[in-house]
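Take a look at the structure below.

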Amino acid sequence: MTAYRISMQAICHPDRASAIAEYLQVIPGFYSIAQPQTLEAERAHIDFSVVVREEVQEGTLLNTAEERVGQYLWQRPDLQPVDVKALAQERLPEDEEPHIPPDYIPPQRAL
């Protein structure tokens with residue numbers, strides 16, 4: 001089973017950046033995060049990464065990561081709006097893969 005680290009970025013209002021950064025760290029598959037950076041008065045960005053295993057792939061790995069993070073953030077309306085983009089994928093070294101817990105993707109949200 002192959003695991004990939006997906007580099008991502010969340011763009012949000014600066015007032016919500018620290019709360020979003022804290023919440024991202026509880027998402028299954030979370031890998032790493034950088035300090036939130038303010039872009040301008042109305043926007044901040046948070047660079048982070050998650051792990052996606054090849055077996056959970058639906059479409060591309062980047063789309064899978066965006067969908068997973070989006071589903072978790074959707075559960076926190078107090079943190080909205082947040083725009084999440086997957087930027088790049090990198091295969092994890094094989095010796096790191098056994099230490100990464102299996103992914104959990106919640107059910108699709110109902111409309």
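Aspartate 83 and lysine 85 form a salt bridge, with their closest N and O atoms 3.8 Å apart. A salt bridge here is a side-chain nitrogen of Lys or Arg within 4 Å of a carboxyl oxygen of Asp or Glu. This is a predicted model: local features need pLDDT of at least 70, side-chain atom pairs count only at pLDDT 80 or more, and totals for chains, interfaces and linings use all residues. Residues are numbered from 1 along each chain as its sequence is written, and side-chain values use heavy atoms, leaving out hydrogens and water.

The salt-bridge rule gives a count of four. The table includes three of these pairs.

| Aspartate 83 | Lysine 85 | 3.8 Å |

Helices (H or I, at least four residues) and strands (E, at least two) are DSSP runs, numbered from the N terminus.

How open are these side chains? Buried means under 20% relative accessible area, exposed means over 50%, and partly exposed is in between (1.4 Å probe, protein chains only). Aspartate 83 has 36%, so it is partly exposed. Lysine 85 is partly exposed at 40%. Aspartate 78 has 47% and is partly exposed. Arginine 76, at 27%, is partly exposed too. Glutamate 90 counts as partly exposed because its value is 42%.

Now for the helix. Helix H2 runs over residues 61-74 and has 14 residues. From its first C-alpha to its last it reaches 20 Å, close to the 20 Å expected at 1.5 Å a residue. That expected span is 1.5 Å times one less than the number of residues. Among the buried residues of H2 are Leu61, Ala65, Val69 and Leu73. Which elements cover the buried residues of H2? The cover includes strand S1 (3-12), helix H1 (17-24), strand S4 (43-53) and strand S5 (83-91).

Strand S4 also holds histidine 45. Is histidine 45 buried or exposed? Its relative accessibility is 13%, so histidine 45 counts as buried. Its side chain makes a polar contact of 3.2 Å with that of glutamine 9. A polar contact is a pair of N or O atoms within 3.5 Å; within protein, one must be able to donate a hydrogen and the other to accept it, and residues adjacent in sequence count only if both atoms are side-chain atoms. Leaving aside residues up to four places away in sequence, histidine 45 touches Gln9, Ala10, Ile11, Pro36, Gln37 and Leu39. Contact means heavy atoms within 4.5 Å.
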